[in-house]
Each structure stands twice: as structure tokens, then as C-alpha cells.
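This report is a guided reading for someone who is meeting the model for the first time. Please keep the sequence and the three-dimensional view at hand while reading.

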Amino acid sequence: HTDDSEIVSGRAVTANFFQVLGLEMAAGRGFQPGDDTIPDGHDVAIISYRFWQRQFGGRQSAIGQSIKLNGESLTVIGVAPKNFQDLVVGGRQDVWVPIPLFGKVMHLNQLPIWREAIGSRDQPWLSLVGRLRDGISMGQAQAQLDTVVHHLKKSYHRTNNGWLLTLSSLNRTRWPDRDSLFPFAVLLGAAVCILILTCT
């Protein structure tokens, strides 16, 4: 811990996270396919608008610079929209990284339990967020999910038997346009947790 370090919160996400949410970066770019490829993902990060202002003074030159999370150097590729802080009301994230980087940043890659979790179908550790297609109701979407779950149980009986996916509306979130709501849904499975990074 040095004088210019701080504790920040973050999430490990898939490359299409911001695309699914329909959000455009305030600066730089969002994640791209390949950024979250396992095991050869890229050491990149997207920072929040407030983190950008606080640490870089809102300068465009922040794009391409490096930050260190738990001693691991990551390249800043984008800045999230000004009023987007998290999917959940009250949440505040400072950094988003591709999922494969979670193990590296948290120094888990050498642990057998992490290698098993990242590559195993029977390790339920991710939350899923989706966006409803125009004209599709919650009931229709749930029916489609039930069909998917049925096929997964047949194809992967050992790991998927007993699993359910329940569709529920996401609470109001902090969007660039505070008066608008996107039709999002969260798919909640048993024992699913959201990854939180505590980084220095």
C-alpha cells in the first residue's frame, strides 16, 4: 500500500457486458471479443467515470495508461458512462475487468479450486444478466428459459439436474438517462454469487 493507492470495488464481466446493457463509453472503448477468452484474455480494464475524474483528472490520455490491481498491471481501455455505477441501486463499482483476469488479479490462478471453478460446469459462481428482446414478455422469456434448462438437463444430467433459472426484473439502475429504464432481467440460479474485486 503506497500513498497513491486506494481500495476500489469492481466486477469481473464478460466482454459483451456493456454492449448488452446498451451503454456507450464516456471515453475509449468497451470490451471486445477476445478480451475474455480463457486462458488468453487481455490484461485490460474499464474504469468508472468518477475514478477517471479522481485519478486522471478526466484527461483523454488516461486511455492506454496502466493501473495496478493487487500488483497486476492492466491497461485502461475505456471509461464507463458518467451516471452508470452498478447494476444494483446503491452499488458503486470503480473497475470492470474480463472474467479470466479475476483469477490473475486475485492471485488465484495457481489454486486447484479456481482452475476447477473457471472450467467446470458444476461450479455455480456467476450471475447472468440479459436484456429482453422488443416485444417479448417476461412470461415468454421464462418459457424459453425453461426449454433451455430442460435441454441442458438432458445433455448434462450429472451437473445440471435439479437446476432452475428464474427470471426476475432488475431494480432501477444508474443509467446515463436517469428517467429511462431498460428492460433487463437477472437470471438467478442456486448458489450464484457476484464477483467483487477489492483491489489496491
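## Terms and overall make-up

A residue is called buried when its relative accessible area is under 20%, exposed when that area is over 50%, and partly exposed in between, the area being computed with a 1.4 Å probe on protein chains only. Helices (DSSP runs of H or I, at least four residues) and strands (runs of E, at least two) are numbered from the N terminus.

The model is a predicted one, in which local features need pLDDT of at least 70 and side-chain atom pairs count only at pLDDT 80 or more, while totals for chains, interfaces and linings use all residues. Residues are numbered from 1 along each chain as its sequence is written, and side-chain values use heavy atoms, with hydrogens and water left out.

The protein chain holds six helices and ten strands, and of its 200 residues 36% are buried.

Helix α5 runs over residues 138-155, and its 18 residues reach 26 Å from the first C-alpha to the last, close to the 26 Å expected at 1.5 Å a residue; the expected span is 1.5 Å times one less than the number of residues. Its residues Ala141, Gln142, Leu145 and Val149 are buried. They lie on the same side of α5 because they cover an arc of only 95 degrees around the axis, where the arc is that of the directions from the helix axis to the C-beta atoms. On the face of α5 turned away from this buried side are the exposed residues Gly139, Lys154 and Ser155.

In α2, the buried residues are Phe51, Trp52 and Phe56. Seen down the axis of α2, they fall within an arc of 105 degrees, and so they line one face of the helix. These buried residues pack against β1, β2, β3, β4 and β5. After α2 comes Gly57, which has a positive phi near 65 degrees.

## Nonpolar cores

In soluble globular proteins, nonpolar side chains tend to be buried together. A nonpolar core is here a set of buried Ala, Val, Leu, Ile, Met, Phe, Trp, Tyr and Cys residues joined through side-chain atoms within 4.5 Å.

The largest such core has 20 residues, and those with the most contacts inside it are Ile47, Trp52, Phe56, Ile67, Leu69, Leu74 and Val97. Two or more residues each are given to this core by β1 (8-13), β3, α2 (49-56), β4 (66-69), β5 (72-79), β6 (95-98) and α3 (99-105). Its largest share, four residues, comes from α3. Another core, of 15 residues, lies apart from it and includes Phe17, Leu23, Val44 and Leu87.

## Aromatic pairs

Rings of Phe, Tyr and Trp (its six-membered ring) pair if their centres lie within 6.5 Å, and planes under 30 degrees apart count as stacked, over 60 as edge-to-face and the rest as tilted. By this rule there are seven aromatic pairs. The rings of Phe17 and Phe18 have centres 5.1 Å apart and planes at 90 degrees, so this pair is edge-to-face.

Phe18 also forms an edge-to-face pair with Trp96, at 5.4 Å centre to centre and 80 degrees between the planes. This pair links distant parts of the chain, since Phe18 is in helix α1 (residues 17-20) and Trp96 is in strand β6, 78 residues apart. Phe18 and Trp96 are both buried. One aromatic cluster is formed by Phe17, Phe18, Phe31, Phe84 and Trp96.

## Residues in loops

Asp35 lies in the loop between β2 (27-28) and β3 (44-47), and it counts as buried because its relative accessibility is 2%. A polar contact is a pair of N or O atoms within 3.5 Å; within protein, one must be able to donate a hydrogen and the other to accept it, and residues adjacent in sequence count only if both atoms are side-chain atoms. The side chain of Asp35 makes such a contact with the side chain of His42 (2.6 Å), and a polar atom of the Asp35 side chain lies 2.7 Å from the backbone nitrogen of Gln32.

Most residues other than glycine have a negative phi. Asn70, in the loop between β4 and β5, has a positive phi of about 50 degrees although it is not a glycine, and at 24% relative accessibility Asn70 counts as partly exposed.

Technical notes
Contact = heavy atoms within 4.5 Å.
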